[in-house]
Amino acid sequence: MFSARHLPWFSLLLSCSVYNDALLGDSSSEVNGASGGTPSSSGSGSPALEQGGRSVSGGTSTIDPEQTGGDASGKPNNAGAGAGAGAVAGSGGASGVAGSGVGSGAGTSPNGGSVASMAGTNAGGMPSLPGGVDIIDDMEDGNFYLSPKPPRYGYWYVAGDMTVGGKLPAIAELVAPLVPARGASTSAVHFFASGFTNWGASVGLTFADASQKRTAYDSGDALGISFWVRGSVTDNTKLRVLFPIVGTDPSGKSCGGTGQGQCLDHFASQVSVSSDWQQVTVLFSSLHQAGWGVPLAAFDPKQMLGIEWTSAVALDVWIDDLALMRPE
């Protein structure tokens, strides 16, 4: 387990985000302030940097886990919506109740792409998956750091557009107890957001090195990711899952410059959410860009910067047992 620490001050200046100490306190916090790029102060009196129409709180520091469409990128608020294949969630029983589920089904995006499939059980803990399982975070330590597996480290964050009054969970309480437990699993990420009227809100993770400095992660032979999810999204809207990589991120310097396509058109998929626990598998081969940013030939799993779940509408979801899927 890592001790809390602040990243160097220049990480704050490089980020397109707002640091807000209030998000480290109460169980939910309002986002106050407007976009612009001018220094200001948060409700707690701590200095903040307002840029890009995005308020971010993650770990103990400010990072740039990417804008996911909207005014900051110069695209419509729903830019990239519907990108990628619709991931298919296999069925499972009620929370904590054993039950098997195997599923695949229709659900392609306007951009096409294959359908992600899944197989597993709802008995709790990590289910059996096709191939090997490489746990990114099982949340059982109760903190917002990923399960360390050198050289892979990292932490969770929450983000929202700059809608005044928009509500996000406090980052310190993002990983919460499961009541009742899902079998052997007793903790999960609990993300809820409401009141956002621009591009919306998101929860995600950033890969980092041992010092918790954001860095690209080489996931090697990974085929995709798997996680458990339950909850609700307004109007049964699908939850978007984004996969930022160096090629679509400003830090990679291969987009956003003169003569280059726009950044932040990350490879993505979509998942449906229900009130019952479902195991979702998203295959890297099913991912697609929306098409408004710099075009890349394919998703590169060796340059992963993180994973982000985002929605333009109010939601209340639980995410558990996140893992990379690898060949056996």
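Q: Good. What kind of model is it, and what are the ground rules?
A: It is a predicted model, in which local features need pLDDT of at least 70 and side-chain atom pairs count only at pLDDT 80 or more, while totals for chains, interfaces and linings use all residues. Residues are numbered from 1 along each chain as its sequence is written, and side-chain values use heavy atoms, with hydrogens and water left out.

Q: What is the mean pLDDT of the chain?
A: The mean is 72, and 60% of the residues reach 70 or more; pLDDT is the predictor's confidence in each residue, from 0 to 100.

Q: Where does pLDDT stay under 50?
A: Residues 1–27 are one such stretch, with 88 contacts beyond four places in sequence in the model. Residues 32–53 are another, with 55 contacts of that kind. A contact means heavy atoms within 4.5 Å.

Q: How many helices and strands does the chain have?
A: The chain has 1 helix and 20 strands. These are DSSP runs numbered from the N terminus, helices being H or I with at least four residues and strands being E with at least two.

Q: And what about burial and surface?
A: Of the 328 residues, 53% count as buried. Buried means under 20% relative accessible area, exposed over 50%, and partly exposed in between (1.4 Å probe, protein chains only). The chain exposes about 12400 Å², of which carbon and sulfur atoms supply 55%; the areas come from the Shrake-Rupley method with a 1.4 Å probe, and for residues only the protein chains shown count as cover.

Q: Changing topic: where is Gln289?
A: Gln289 is in the loop between strand E18 (278–283) and strand E19 (306–311).

Q: Is Gln289 buried or exposed, and what does its side chain reach?
A: Gln289 is buried, because its relative accessible area is 12%. A polar atom of the Gln289 side chain lies 2.8 Å from the backbone oxygen of Val294, and the side chain also reaches the backbone nitrogen of Leu296 at 2.9 Å.

Q: Now the charges. How many salt bridges does the structure hold?
A: It holds 7, a salt bridge being a side-chain nitrogen of Lys or Arg within 4 Å of a carboxyl oxygen of Asp or Glu. One of them joins Asp134 and Arg152, with the closest N and O atoms 3.0 Å apart. Asp134 lies in strand E9 (residues 132–137) and Arg152 in the loop between E9 and strand E10 (153–161), so the pair ties together parts 18 residues apart in sequence. Both Asp134 and Arg152 are buried.

Q: What does Arg182 pair with?
A: Arg182 forms a salt bridge with Asp320, the closest N and O atoms being 3.1 Å apart. Since Arg182 is in strand E12 (residues 175–182) and Asp320 in strand E20 (residues 315–326), the pair ties together parts that are 138 residues apart in sequence. Arg182 counts as buried at 0% relative accessibility, and Asp320 is buried with a relative accessible area of 0%.

Q: And Arg214?
A: Arg214 forms a salt bridge with Asp249, where the closest N and O atoms are 3.1 Å apart. Arg214 counts as partly exposed at 21% relative accessibility, whereas Asp249 counts as buried at 1%.

Q: Which residues do shared partners join into one network?
A: Salt bridges that share partners join Asp134, Lys149, Arg152, Asp221 and Arg326.

How values were computed: Polar contact = N/O pair within 3.5 Å; in protein donor to acceptor, adjacent residues only side chain to side chain.
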